[in-house]
Amino acid sequence: MNNEARVKTRSGMGVKIMLWSLILIPVLYVSSCSYISSRKSKSFEAINVGDSEVVVSQRMGPPSVREKPGTVFSRYASEPCREPCVERLWYENRLSLDTEAWSFEMSAAGQVIKKNRWVSP
């Protein structure tokens with residue numbers, strides 16, 4: 001094989017790799033985002049009002065944000081956590097580009113008093 005044929009073969013392989021990358025990267029991104037959403041939603045559904053923060057952490061993992069009363073995590077909520085809520089735990093699907101999150105409002109006793117799933121259109 002001469003040098004010109006080798007260059008064409010390498011060039012053709014580079015184009016194929018580029019095309020496959022253009023197809024696979026979006027597919028992997030969307031499937032990863034969907035997987036996270038599905039997993040978090042199942043965990044969210046398994047948590048009940050009255051469960052402890054330990055249960056929430058075991059099922060959901062560490063929260064993305066801990067919101068204290070008087071402040072608002074404006075990426076999703078329009079109103080802050082208010083009494084009897086002493087803290088709102090936020091879990092974001094970071095791959096969803098700030099369009100999906102789950103929150104749990106916690107009491108002074110460390111129990112879930114309210115839970116929400118936040119989805120932006």
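In strand 4, which residue is the bridge partner of Ala101? That would be Trp118. Before going further, a word on what you're looking at: this is a predicted model, where local features need pLDDT of at least 70, side-chain atom pairs count only at pLDDT 80 or more, and totals for chains, interfaces and linings use all residues. Residues are numbered from 1 along each chain as its sequence is written, and side-chain values use heavy atoms, with hydrogens and water left out.

**The sheet**

Four strands make an open sheet in the order 1-2-3-4, with antiparallel pairing. Strands here are DSSP runs of E with at least two residues, helices are runs of H or I with at least four, and both are numbered from the N terminus. Two strands pair if DSSP finds at least two bridges between them. Strand 1 (65-67) and strand 4 (112-119) sit at the edges, each pairing on one side only. From one strand to the next, the twist averages 20°.

Here are two of the pairings:

| Strands | Bridges | Direction |
|---|---|---|
| Strand 2 and strand 3 (residues 100-106) | Six bridges | antiparallel |
| Strand 3 and strand 4 | Seven bridges | antiparallel |

Strand 3 and strand 4 also form a hairpin with five residues between them, and Gly110 in that turn has a positive phi of about 80°. Over in the loop between strand 1 and strand 2 you'll find Pro84.

**Arg88**

Now look at Arg88, in strand 2 (residues 87-92). Arg88 counts as buried because its relative accessibility is 4%; buried means under 20% relative accessible area, exposed over 50%, and partly exposed in between (1.4 Å probe, protein chains only).

**The cores**

A nonpolar core is a set of buried Ala, Val, Leu, Ile, Met, Phe, Trp, Tyr and Cys residues joined through side-chain atoms within 4.5 Å. The largest one has 10 residues in all, among them Phe44, Val56, Leu89, Trp102 and Val112. Helix 2, strand 2 and strand 3 each supply at least two residues of this core, and strand 3 gives the most, with three. A second, separate core of five residues includes Phe73, Tyr76, Trp90 and Ala101.

Conventions: Axes are lines fitted to C-alpha atoms, for helices over the stretch in contact, and angles run from 0 to 180 degrees between N-to-C directions.
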